[in-house]
Amino acid sequence: MSVDWSWIGDHTDELTSLTVSHLQAALSAVFFGVLISLPLAVIAHRIRPLRGLLLGISNVLFTIPSIAIFVLLLPVSGLTRTTTVIGLTIYTLVVLLRNTVEGLDSVPAKTKEAAKAMGTRPLRTLLTVEFPLALPVIMAGVRIATVMSISLVSVATYIGDGGLGQLFTDGFQRNFPTPVIVGVVLTILLAVVADALLVALQYVLTPWRRRRT
């Protein structure tokens, strides 16, 4: 299986456009997933009877095949980028919600009691004590969700989106391996770079862990 390097040179603009589109879809899903999962995780953490319900719903949604989710969304949002983002966001929730709940659970009770004894209000304790201490576990979920979203964007090719996934379809239809190989390589590179940047972000946001080390 050989690569036609001249094809790559002739399609640089298209490859750039598809890569940017792919990344935008994946990051949008993670962004909305974080926005949704944070308040839900706080509810699940504080109200124990709802914990199993929320985690159970997210697990059930995760079992639905990705193509089926996109198809089910078509009557609502049509053949648009919105359908892609909603579908990917649903998949990020199971990872982000569970990791955020586990992160909040990992905060020592004595730490929260100390903040309460100092007169810190519950909301401020959550924002300045619980979330920062839970951040390593939360970021682990964000990393998994990001890599997963980058890999799943290609499935949206079946609804006319898909970013780099369009290269797979093009290559298979023409029995031309170069677009497929390029699509795979670029997808892997996006996942690796995104994960590395998130690791760096976590390093910056958790200076107390560096001091402890």
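Modeller: Gladly! pLDDT is the predictor's confidence in each residue, from 0 to 100. Helices (H or I, at least four residues) and strands (E, at least two) are DSSP runs, numbered from the N terminus. This is a predicted model, where local features need pLDDT of at least 70, side-chain atom pairs count only at pLDDT 80 or more, and totals for chains, interfaces and linings use all residues. Residues are numbered from 1 along each chain as its sequence is written, and side-chain values use heavy atoms, with hydrogens and water left out.

Colleague: Where in the protein chain is confidence lowest?

Modeller: The mean pLDDT of the protein chain is 88, with 98% of its residues at 70 or more. Confidence is highest in helix α2 (residues 12-46), at 93. The lowest mean, 68, belongs to helix α10 (residues 207-212).

Colleague: How many helices does the protein chain have?

Modeller: The C-alpha trace spans about 70 × 45 × 25 Å along its principal axes. There are zero strands in the chain, and the number of helices is ten.

Colleague: Which element gives the most to the lining of the largest pocket?

Modeller: A pocket is found on a 1 Å grid over the protein atoms alone, as an open set of points where a 1.4 Å probe fits, with protein on both sides within 12 Å along at least five of seven lines; lining residues have an atom within 4 Å of a point. The largest one has a volume (the space filled by probe spheres set on the points) of about 310 Å³. Of its 18 lining residues, the closest to the centre are V34, I138, M139, V142 and L201. With seven lining residues, the element that gives the most is α2.

Colleague: Which helix gives the most to the nonpolar patch?

Modeller: Such a patch joins nonpolar side chains (Val, Leu, Ile, Met, Phe, Trp, Tyr) within 5 Å, from residues with over 30% relative accessible area (Shrake-Rupley method, 1.4 Å probe) and no salt bridge. Here I43, I47, L50, L53 and I57 form one on the surface, with about 400 Å² of accessible area together. I47 sits in the loop between α2 and α3. Three residues come from the helix that gives the most, α3 (residues 48-63).

Colleague: Which side chain meets E130 in a salt bridge?

Modeller: A salt bridge is a side-chain nitrogen of Lys or Arg within 4 Å of a carboxyl oxygen of Asp or Glu, and the count comes to five. At 2.9 Å, N to O, the partner of E130 is R46.

Colleague: How many residues apart are E130 and R46?

Modeller: E130 is in helix α7 and R46 in helix α2. The pair links distant parts of the chain, and the separation in residues is 84.

How values were computed:
Patch = residues over 30% accessible without salt bridge, like charges linked within 9 Å, V, L, I, M, F, W, Y side chains within 5 Å.
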